[in-house]
Amino acid sequence: MKKIILIFLCILPPVFSALAQQVTISGRVVDEKDTPLSFVNVYIKGTSEGSSTDQQGRFSFHYTEKGTVTLCASMLGYDEFLRTAPASQLQDITIKMKPSSVALDNVVVVGSSYLLKGNSQWNKISSVDLVTESSTNGDLYKAIQMLPGTQASADNGELQVRGGSGRETQTYIDDMHVLFPYTTTDKNSASRGRYSPFMFQGINFAGGGYSQEYADGLSAVLPLYTKDKSEVTKCGISPSVVGLSGGGTKAFNKGSLSLNMDYWDMGIYNGLFPDRMDWIHPYRRFSGAAQFRYSPTDKSTFKTYINYDRTAFKQHAGNLRLGLGEDNVYANATFKTTTSCGWNYFAGAAFSFRNQSYQEVRQPEDTYQEKEQEIHLKTKASKRISPYFRLNIGVEGFIRSFRNEYHLPATANNKVDITAINHFNPLLLAGFASLVWNPRSDLFVEASSRGEYNEMNHQWNITPRVAVNYEWAGVQFSAIAGRYTQLAENEWLQQNNHLRSESCTHYIIGANYAKGSRLFRAEIYYKEYDRLAWKNGSAITSEGYGTAKGIDLFFRDTQPPIKNVDYTLTYSYGYSKRKYGEYGELTVPPYATVHNASVSLRYTCQPLKSIISLSDRFASGRPYHNSDKPGIMNDHVKPYNSLDLGITYLASPKVLVYAYAGNLFCRKNVYGKENGKFIRNSSDHSFFIGVFITLSGKTAYDVSNF
């Protein structure tokens, strides 16, 4: 007993001494609006001492003072808070947390953008959504055409945005330019996108006012981002009424290799559903794609992607046997890494090439060949340089070449052998920089600029941009003003390669409101075109100009009162006029429509393991020139309308069946008038049925072979 008392007396003084030095660290954690934040981890750096905040944002814990300490507060979505001070001074303090740089990056692009895939609170549409939408038939570009600001373009399939032609919208894969994103078809059929939506983890459509990082687009950009890694080995095949596709992914330590092949032959389809074309050889296309991914560290990723396709067809066109053979190649390689000091570095190279060979274009036995290619080199860096600022800088170059050749051999009717060749080699060098400022969580301001040198005319283009996003009462307001440039069309550059870069200035004001399952967006815009290529008599000049203005509305509800139904409504009003090309006065472009609207309904029938979607797209009539009336482009064709149906059925965990029927009522849509004849598609309806089968032993159905 004496020993126990002696030990107790020896221990007691140090205990009282420690208690005398112990202090209480306490306070409150709030956001920038002074709203309490619960479940925030607050602790002393380098120790296990700490606690979490309660529902009022308060925290308190004891710590034995040993000089200066560093107090940390951390929570997902916010920057880490650090304060170094004596522990005795950390009592009843208030900690204000700031949104992290990830939140900053997502919010800044909200203005005039639709983030279809990826981390976004504004719109979430998966790859399955894109494919099962009744109006898309699995085509990424047709899915985007259901968004406001786009034109109904069933005649060519290209994205035409806010009064701009298809060439004014540029596609980027992993921030590298794609020169030829669409497949080539005959004149009376709509093109499709060359790339499956399943290979992308991020799809961000910017309908105007986009970042100055992206070049050579007067109206819009479509940045697509492939997956950084695929950890599952899988394979599958997809037979359909138009062909067969298949591929898969082999995953290994720190990387993966993916392969995919497609073959389309419209012979069987044309036999079942004849169109208005007189085919000699039906449309055929073979394509193959491969992607290699490797991540040497958690903060570094190297990716390569290559795609090749071959397209061919031949048809009777009057007394001609018009034929096409095309080879198309796209490849890119990118590397990105994050350093220990917070810099994000990116470097990439891309190659685009297309060789088209036509037979009997104007006369029997003539040929026309067109070759075009581009090398795109790019490097950039970004860093959040302070709690309030983020810096992005970069340089890039576009090395292009264009060559066409028309040949008419000497014949009994034509005694002279004719050969005409045109070629030019554009070179663009550019640098861009942006600074993002967020003084508070509800205000974001981005100022950026791009300087671009056009080697053909030895001129510089400086294009500034300012974007502001402000949130008030649950509504996010945005305002953007920016200037953009683009090379003139090849048709005009081959006649005058000293033309100035065409220019367009965007002014956009918008509002976004999201609550629960509902999202509403509204934007008004005004675009001013300058330096458009214009044919003044026999001279090709840069004296063209024009304007475009309108309003876009978007509403989506993923959980309406009707169970298992979601719907989307869009409406766009746009009015544009231009003096360009061969039009000698201000006129509405032949592809432009004033009113565009769409409604999309989707019903998920769980007992039948099916998704049924129905969509209707409407557009007012396109303008055309009526020689019986005064002026030019002085009349309109009848309005466009198409009702489409899509059915997706999960037959088993490894088998999915998809069926699509376009223009159910076979409406005879007209897209304009040319050479005295109204322009129509080769067919008034379309149909598709395909089966997607997974062959992997341990993998359930996965639509993505990549």
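Q: Is Glu 365 buried or exposed?
A: Glu 365 counts as exposed because its relative accessible area is 52%. The cut-offs are under 20% for buried, over 50% for exposed and partly exposed in between, using a 1.4 Å probe and protein chains only.

Q: Where does Glu 365 sit in the chain?
A: In the loop between β19 (344–359) and β20 (367–383). Strands here are DSSP runs of E with at least two residues, helices are runs of H or I with at least four, and both are numbered from the N terminus.

Q: What's the phi of Glu 365?
A: Positive, about 75°, although Glu 365 is not a glycine.

Q: And what about phi at Lys 254?
A: Lys 254 also isn't a glycine, and its phi is positive, near 70°. You'll find Lys 254 in the loop between β14 (243–252) and β15 (255–265). It is classed as partly exposed because its relative accessibility is 44%.

Q: Before I go on, what are the ground rules for these values?
A: This is a predicted model, so local features need pLDDT of at least 70 and side-chain atom pairs count only at pLDDT 80 or more, while totals for chains, interfaces and linings use all residues. Residues are numbered from 1 along each chain as its sequence is written, and side-chain values use heavy atoms, with hydrogens and water left out.

Q: What's the mean pLDDT of the chain?
A: It's 85, and 90% of the residues reach 70 or more. pLDDT is the predictor's confidence in each residue, from 0 to 100. Over residues 1–20 it is below 50, and that stretch has one contact in the model beyond near neighbours in sequence. Residues 101–110 are below 50 too, but with 22 such contacts. Contact means heavy atoms within 4.5 Å. Where pLDDT is low, the predicted coordinates should not be read in detail.

Q: OK, new topic. How many helices and strands are there?
A: Six helices and 39 strands. Of the 706 residues in the chain, 50% are buried.

Q: Which residues have the most contacts inside the largest nonpolar core?
A: Tyr 195, Phe 200, Phe 205, Leu 222 and Tyr 330, in a core of 25 residues. A nonpolar core is a set of buried Ala, Val, Leu, Ile, Met, Phe, Trp, Tyr and Cys residues joined through side-chain atoms within 4.5 Å. At least two residues each come from α4 (140–144), β10 (176–178), β11 (200–206), β12 (220–226) and β19.

Q: What does Tyr 195 touch?
A: Leaving aside neighbours within four places in sequence, its contacts include Leu 140, Ile 173, Phe 200 and Tyr 330.

Q: Now Thr 334: buried or exposed?
A: Thr 334 is buried because its relative accessibility is 5%. Thr 334 lies in strand β18 (residues 320–338). Not counting residues up to four places away in sequence, Thr 334 touches several others, among them Asp 174, Met 176, Phe 302 and Phe 346.

Q: Last one: what's the strand order in the open sheet of three strands?
A: β4-β1-β7, with mixed pairing. Two strands pair if DSSP finds at least two bridges between them. The edge strands, each pairing on one side only, are β4 (58–64) and β7 (93–96). Strand β1 (residues 22–30) runs parallel to β7, joined by four bridges. Arg 28 has Thr 94 in β7 as its bridge partner.
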